[in-house]
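This report describes the domain arrangement, the ligand surroundings, the helix packing and selected backbone features of the structure shown below.

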Amino acid sequence: MAGKLMHAVQYYGYGGGPAGLKHVEVPVPTPRKDELLLKLEATTLNPIDWKIQKGILRPFLPRKFPHIPGEVVEVGPGVKSFKAGDKVVAKISHAEGGGLAEFAVSKENLTVSRPPQVSAAEAAALPVSGLTAHQALTQGGGIKLDGSGQQANILVTAASGGVGHYAVQLAKLGNTHVTATCGARNIDFVKQLGADEVLDYKTPEGAALNSPSGRKYDVVVHCATGIPWSTFEPNLSPNGKVLDLTPSPSGIATSVLKRLTFSKKQLLPLLLNAKAENLDYLVKLVKEGKLKTVIDSKHPLSKAEDAWSKSIDGHATGKIIVEP
Ligand SMILES: NC(=O)c1ccc[n+]([C@@H]2O[C@H](COP(=O)([O-])OP(=O)(O)OC[C@H]3O[C@@H](n4cnc5c(N)ncnc54)[C@H](OP(=O)(O)O)[C@@H]3O)[C@@H](O)[C@H]2O)c1
């Protein structure tokens, strides 16, 4: 592939939103040691992509421009575990970017096989949203997804979004009762995902996060933003914990304070630590029909700006997919 050009979408500086994206022809990347060259079949956007463009992680990311944002899926010449032509799904590094392009590179240790029963689009959504929901419930919340654990009451906020829709489904594989929040238009959708009770976040009860059945939450997978600790606190069981996917400065301060004061109720920031074994587990669940990727919309790479706008708007139901 050396010297061959490909279509890619990049941005060259902070800010600009969808208008800051440029369609360019750039060389197909060359895989380094322990990397695969992937021909992308589908990729997905996550809020972190446009947040990095806004500069939220400045000065750490991007370390150099142009950055090619996006996340994964693919086929490609492999290293040891894969061979040319294998169908795979991979988590691409946020630091490197590269998902909004015809080809990308992935690390072998963050790449897993994709069986034919799982489409590229279904698989593409798993590496960030699926793994985050999985990590929050299992590592953060201690939920056993084989149902063998003690019964637990779970709250999932923004259950209609990319992470939330996986969190509801995964939680129901465990021994859990799930309360979920979403907008009125998505109540039936979230019930179909398996939620036991659903709150419209724009009603007083929804804004207060009060479980209709009076339950106190043992674990909160907090995918929404802007909800203060004072709203969570009265709704938690004595050892309840809130796993905060989007920690604000005040949230981090509350989290530190809770730890310093040995509070049994905890607010814990969560940062995805992607692991291939967990990605493999999620792919198998999709194959077995136990987990589904709900697709909000599909956009061609030539109209990546539309997907970018849609993600920034924050009203997706499920995942936004981009296809070459
Ligand atoms: N820490 C990590 O490693 C990590 C990993 C992945 C994601 N995240 C973060 O997690 C957050 C969620 O990500 P995502 O991909 O799930 O986002 P998303 O797909 O863009 O979420 C959109 C959905 O959220 C719903 N929503 C928005 N505000 C809500 C509220 N207050 N209550 C209930 N529902 C609400 C929207 O419903 P309506 O249209 O009805 O408003 C929409 O369906 C983002 O901030 C993201 O950056 C963090």
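## Ligand shell

In this predicted model, four elements each contribute at least two residues to the shell around the ligand: helix 1 (47-54), helix 3 (126-140), helix 4 (162-173) and strand 10 (176-182). The ligand is surrounded by 30 residues, and Gly161, Gly162, Gly183, Leu272 and His315 are the closest of them.

By class, the shell around the ligand comprises 14 nonpolar and 16 polar residues, with no charged residue among them. Both domain 1 (5-125 + 293-323) and domain 2 (129-269) are represented in the shell, each with at least three residues.

## Domain arrangement

The domain assignment of the protein divides it into domain 1, formed by 5-125 together with 293-323, and domain 2, formed by 129-269. Taken over C-alpha atoms, the centres of domain 1 and domain 2 are 28 Å apart.

Contact between the domains involves 7 residues of domain 1 and 8 residues of domain 2. On the domain 1 side, the residues that touch domain 2 are 3 nonpolar, 3 polar and 1 charged.

## Packing of helix 3 against helix 4

Helix 3 and helix 4, which both supply residues to the ligand shell, also pack against each other at an angle of about 50°, with 8 Å between their axes. Because of this angle, helix 3 is oblique to helix 4. The crossing of helix 3 past helix 4 is right-handed.

From helix 3, the contact draws on Ser129, Gly130, Thr132, Ala133, His134, Ala136 and Leu137. Their partners in helix 4 are Gly162, Val163, Tyr166, Ala167, Leu170 and Ala171. The contact of helix 3 with helix 4 consists of 8 nonpolar and 5 polar residues, and no charged residue takes part. Gly162 belongs to this contact and is also one of the closest residues to the ligand.

## Packing of helix 3 against helix 9

Helix 3 also packs with helix 9 (residues 276-287), here at an angle of about 100° and with the axes 10 Å apart. The two helices, helix 3 and helix 9, are therefore roughly perpendicular.

Helix 3 takes part through Leu126, Pro127, Gly130, Leu131 and His134, and helix 9 through Asn278, Leu279, Leu282 and Val283. By class, the contact of helix 3 with helix 9 has 6 nonpolar and 3 polar residues, and no charged ones. Gly130 and His134 of helix 3 meet helix 9, and Gly130 and His134 also meet helix 4.

## Backbone features in loops

The peptide bond between leucine 61 and proline 62 is cis, and its omega is near -20°. Proline 62 is located in the loop that joins helix 1 and strand 5 (74-76).

Aspartate 34 has a positive phi of about 65°, although it is not a glycine. Aspartate 34 lies between strand 2 (21-27) and strand 3 (35-39), in the loop that links them.

Conventions. Residues numbered from 1 in each chain as written. Predicted model: local features only at pLDDT ≥ 70, side-chain atom pairs only at ≥ 80, totals over all residues. Domains from an automatic or database assignment. Contact = placed C-beta atoms within 7 Å. Nonpolar A, V, L, I, M, F, W, Y, C, P; charged D, E, K, R; others polar. Near = placed C-beta within 6 Å. Axes fitted to C-alpha atoms, helices over the stretch in contact; angles between N-to-C directions. Parallel < 35°, antiparallel > 145°, perpendicular 65-115°, else oblique. Left-handed = near helix turned anticlockwise from the far one by under 90°.
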